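Student: I am new to this structure. Please take me through it step by step.

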Amino acid sequence: MSYEPRSVRETPHGAPLVPRLPLRMRNTEILTVVYRSDREAIERMLPAPVTALGDLVLAHLYRMHDAEWFGVYGESAVQIPVHHPASGTTGAFSPLLFVEGDGPVAAGREIYGQPKKAGRISLGPHGDLLVGTLTRNDIMVITATTPYKQVPGTAEDLERHASFRTNINLKVIPATDGSGAAVSELTARTLGDVVIHEIWRGPGTLELRPNAQAPVHLLPVREVIEAFHWRADFSLEYGEVIERFP
C-alpha cells in the first residue's frame, strides 16, 4: 500500500537523516578563537541584508561528545558577528561550516540553511597545549591552539566579543526545473537551554591554509584577540525566517 506524501516530513521516507527538533547536545567541548580580519573580506562573505558589527571573526572547533540522534562527532564553524536591521536580530552569520556525519550535514542544510560540508575535526590536549584541527580533502585547513586550562573565564568573557547563541544563515534551495531558487530566505536559530559547565581563556594561535573546497583562508588572520576552551550543554531548536527574497 502506498503512503500519503503529505504525511512525510523527512527525506528519505523511512530512513530520515533529519530529526525532529529539539535535540539535546550534552557535554559539547569547544575551542573558539576570536581574531581580527579584513573588513572588506568579511563583507564579501555577507548577504546584503546583514551588516558586520566590526572586523572580528570567530573560528570554532567542536567535539560533540553526546548528541541526541547524531551520536559523537566533530564540527567546525567560521562565524562573523552581524546585525539584521530589518528584524533587529543580532547574531553570528556562518559562511563556512564543516561537520562529520551525514545526519548533521543534512539537518543543518535542510532545516536552517547552514552551508555544511564534510570535514574531519580533532580536538584534544597535546601536553599542556589544546590543539584543534579541521581537515578536508586530506588537507589540514585549520589549526588552532591555546594553553590547556590555565586561566578560568566566564560566559561574559566569551560573549563580549560576539553572541554564540543565535546563528544567522542564508537558506537557498534550488528549484528542480533549474529556474532559480525554490527557497531563498534569511533564517535565525537560537540555541536553547544553554548550560555552560566551564570556560578557560588565554592566548591563541590560528593557522588557515588555502583549500578551494574549504576557503577559510578568504578571511585572513590579522590578529588573534583571544581563545576560549569551553564545555556546554544546549538544545537545537527550530528557528525563524527573518527575511524572504522573492
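Student: Which residues of α2 are buried?

Tutor: First, the ground rules. This is a predicted model, where local features need pLDDT of at least 70, side-chain atom pairs count only at pLDDT 80 or more, and totals for chains, interfaces and linings use all residues. Residues are numbered from 1 along each chain as its sequence is written, and side-chain values use heavy atoms, with hydrogens and water left out. Buried means under 20% relative accessible area, exposed over 50%, partly exposed in between (1.4 Å probe, protein chains only). The buried residues of α2 are G103, P104, V105, A106, A107, G108, I111 and Y112.

Student: Why is helix α2 largely enclosed by the rest of the structure?

Tutor: Helices (H or I, at least four residues) and strands (E, at least two) are DSSP runs, numbered from the N terminus. Helix α2 covers residues 102-112. It is largely enclosed because the buried residues number 8 of the 11.

Student: What covers the buried residues of α2?

Tutor: Look for contact, meaning heavy atoms within 4.5 Å. The cover includes β4 (71-84), β5 (89-99), β6 (116-118), β11, β12 (181-190) and β15 (223-236).

Student: Which residue just after α2 takes a positive phi?

Tutor: Go just past the end of the helix. The phi there is about 80 degrees, and the residue is G113.

Student: Which backbone oxygen does the side chain of K171 reach?

Tutor: K171 is found in strand β11 (residues 166-174). K171 touches, among others beyond four places in sequence, R109, I111, Y112 and G113. At 2.7 Å, its side chain reaches the backbone oxygen of E110.

Student: How far from buried K171 is the nearest side chain of opposite charge?

Tutor: Lys and Arg count as positive and Asp and Glu as negative; His and the chain ends are not counted. A salt bridge needs a side-chain nitrogen of Lys or Arg within 4 Å of a carboxyl oxygen of Asp or Glu. K171 has none.

Student: What is the strand order in the open sheet of 4 strands?

Tutor: Two strands pair if DSSP finds at least two bridges between them. Pairing here is antiparallel, and the order is β7-β8-β9-β14. The edge strands, each pairing on one side only, are β7 (120-126) and β14 (205-208).

Student: Is T146 buried or exposed?

Tutor: T146 is found in strand β9. Its contacts beyond four places in sequence include L31, L129 and A227. Relative accessibility is 3%, so T146 counts as buried.

Definitions and conventions
Polar contact = N/O pair within 3.5 Å; in protein donor to acceptor, adjacent residues only side chain to side chain.
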